[in-house]
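I open this notebook to record what I looked up in the structure, entry by entry. My interest is in the fold of one chain and in how that chain meets its partner.

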Amino acid sequence: MAKFKAKKQNIAIDMTPMVDLAFLLITFFMLTVKFRAPESLEVHVPSSIADTPLPAQDIMVISVAPDATGKGGRVFFGVDSKHTRLAILEKIQERYGYEFDEQEKRLFSILPEIGVPFSQLKSYLNASEAERKRVDKISSIPIDSTNNELKDWILFARYSNPKIRIAIRADEKTPYPVIAQIIETLKDQKVHRFNLITTLEAQPKS
Amino acid sequence: MAAEVGGDGGAPKKGKKSGKAHKPKKRPRIDMTPMVDLGFLLLTFFVLTTTMSTPNTMPVVVPPKITEKDKDVEPPKISEDKVITLLVSRGKIYYYTGLKKELKATDFSPKTGIRKVLLEQRAEIEANYGKKDEMIVIIKMMEDAQYRDFVDILDEMAVINQKKYALVDITPEDKEIVEEYQKTIEKNP
């Protein structure tokens with residue numbers, strides 16, 4: 001009897017291999033993970049069966065969301081690299097004659113997306129973060145045929161990085177005329193090949 | 001003593017030989033459970049963040065604009081019975097074949113919608129010509145359409161593997177026949 005009682009010990013499982021594995025996987029995922037930059041414009045993209053992944057480099061993204069009236073659209077513009085952003089800002093200075101100081105340049109180079117007219121860019125860069133967030137909710141790059149600044153953004157971006165590809169990240173509720181206007185702008189720039197960003201849905205079985 | 005650090009072998013004093021011969025053979029055991037907890041928490045986090053953020057892209061090619069120097073170039077002639085025109089509205093598609101302006105309506109539903117129409121039309125054209133890939137789809141987006149309809153219709157082209165399609169601007173004439181169609185529907189539903 002006494003001998004059996006002595007066996008009342010806790011069973012300890014050796015967790016070392018499990019921990020090894022877990023940390024191996026953590027290391028792997030930590031190294032491979034690429035955090036998406038927080039987007040200034042909230043966009044709910046439609047789903048499609050297209051399964052080509054979006055290239056991570058040499059890409060400019062034109063974001064489009066419907067505006068408050070639901071009739072028009074708000075357009076934001078972003079490029080992937082800091083270097084290209086700075087080159088674009090140089091072009092804006094040259095073309096429009098605005099002067100940007102070092103601090104404004106630094107901020108511009110880290111903002112993933114811009115959605116204000118060139119004329120408001122300087123005050124936007126000098127505003128506080130909360131103020132910028134507020135402006136992001138209502139502002140847009142003008143795309144009317146009389147005042148099409150998106151054309152200049154695309155031109156400057158392609159000038160700064162000739163390899164750049166174009167992607168449109170539009171909200172599924174955007175009215176089509178806005179999209180047609182953007183496609184028209186691209187055609188004017190002799191861009192006939194571009195990508196639409198979508199989320200993946202299953203291919204239907206036929 | 002080593003046994004006490006581990007907390008594991010502290011108890012068995014009575015059974016085995018106790019005293020000086022007690023060799024510190026048992027290594028101290030560290031409770032790894034919290035570490036494992038944390039490890040798996042982080043693991044879950046990274047697994048979720050990596051898979052969630054993979055956007056895909058759909059390539060689109062649009063025809064170049066007709067410029068001054070292309071004015072004299074004759075557009076290629078195509079037989080009207082190969083053509084189906086889709087007028088895409090919000091969640092709805094009006095379509096007609098060839099030049100006859102008999103409008104029909106359908107939607108994006110996967111079994112009964114536009115896919116079925118296109119597949120049937122393609123089969124008919126294939127039977128008439130005895131060749132594959134003869135059908136030409138003309139897509140005209142109406143002003144009340146949303147971006148989602150645009151992606152959906154391009155998606156349909158990809159699903160049925162339709163290579164020959166063109167995005168064309170909508171004409172006032174097309175708008176008229178859609179309006180007429182809507183009126184007749186209202187009269188006799």
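**Entry 1: the model.** I note at the outset that this is a predicted model.

**Entry 2: elements of chain B.** I looked up the secondary structure of chain B and found five helices and six strands. Read from the N terminus, the elements follow the order α-α-β-β-β-β-α-β-α-β-α.

**Entry 3: burial and contacts within chain B.** Chain B has 189 residues, and 18% of them count as buried. I then turned to the contacts in chain B with a separation of 6 or more: 58% of these are between residues 24 or more positions apart.

**Entry 4: the sheet of chain B.** In what order do the strands of the open sheet lie? I read the order as β4-β3-β2-β5-β6 in chain B, five strands with mixed pairing. The edge strands are β4 (104-106) and β6 (165-168) of chain B, each of which pairs on one side only. On average, neighbouring strands of this sheet are turned by 25 degrees against each other, direction ignored.

I followed one pair further. Strand β5 of chain B, residues 136-141, runs parallel to β6(B), and four bridges join the two. B:Ile139 has B:Leu167 of β6(B) opposite to it.

**Entry 5: the side of chain B that touches chain A.** I recorded 38 residues of chain B in contact with 45 residues of chain A. The elements of chain B that give two or more residues to this side are α2 (33-52), β1 (56-61) and α4 (147-159). Which element gives the largest share? That is α2(B), with ten residues. By type, the residues of this side of chain B comprise 24 nonpolar, nine polar and five charged.

**Entry 6: strand pairing between the chains.** I next looked up β1(B), which pairs with strand β6 of chain A (residues 193-200). The pairing is antiparallel and extends over six bridges. Within it, B:Val60 of β1(B) is the bridge partner of A:Phe194.

**Entry 7: the nonpolar core.** The largest nonpolar core has 60 residues. Among those with the most contacts inside this core I list A:Val64, A:Ile168, A:Ile179 and A:Ile182 from chain A, and B:Leu86 and B:Phe150 from chain B.

I asked which residues B:Phe150 is in contact with, leaving aside its neighbours within four places in sequence. In chain A they are A:Tyr176 and A:Ile179; in chain B they are B:Met141 and B:Ala145.

How values were computed
Residues numbered from 1 in each chain as written. Chains lettered and ligands numbered in written order. Predicted model: local features only at pLDDT ≥ 70, side-chain atom pairs only at ≥ 80, totals over all residues. Core = buried A, V, L, I, M, F, W, Y, C linked by C-beta atoms within 7 Å. Buried ≥ 20, exposed ≤ 12 C-beta atoms within 10 Å, placed from the backbone. Contact = placed C-beta atoms within 7 Å. Nonpolar A, V, L, I, M, F, W, Y, C, P; charged D, E, K, R; others polar. Pairing = 2+ DSSP bridges. Axes fitted to C-alpha atoms, helices over the stretch in contact; angles between N-to-C directions.
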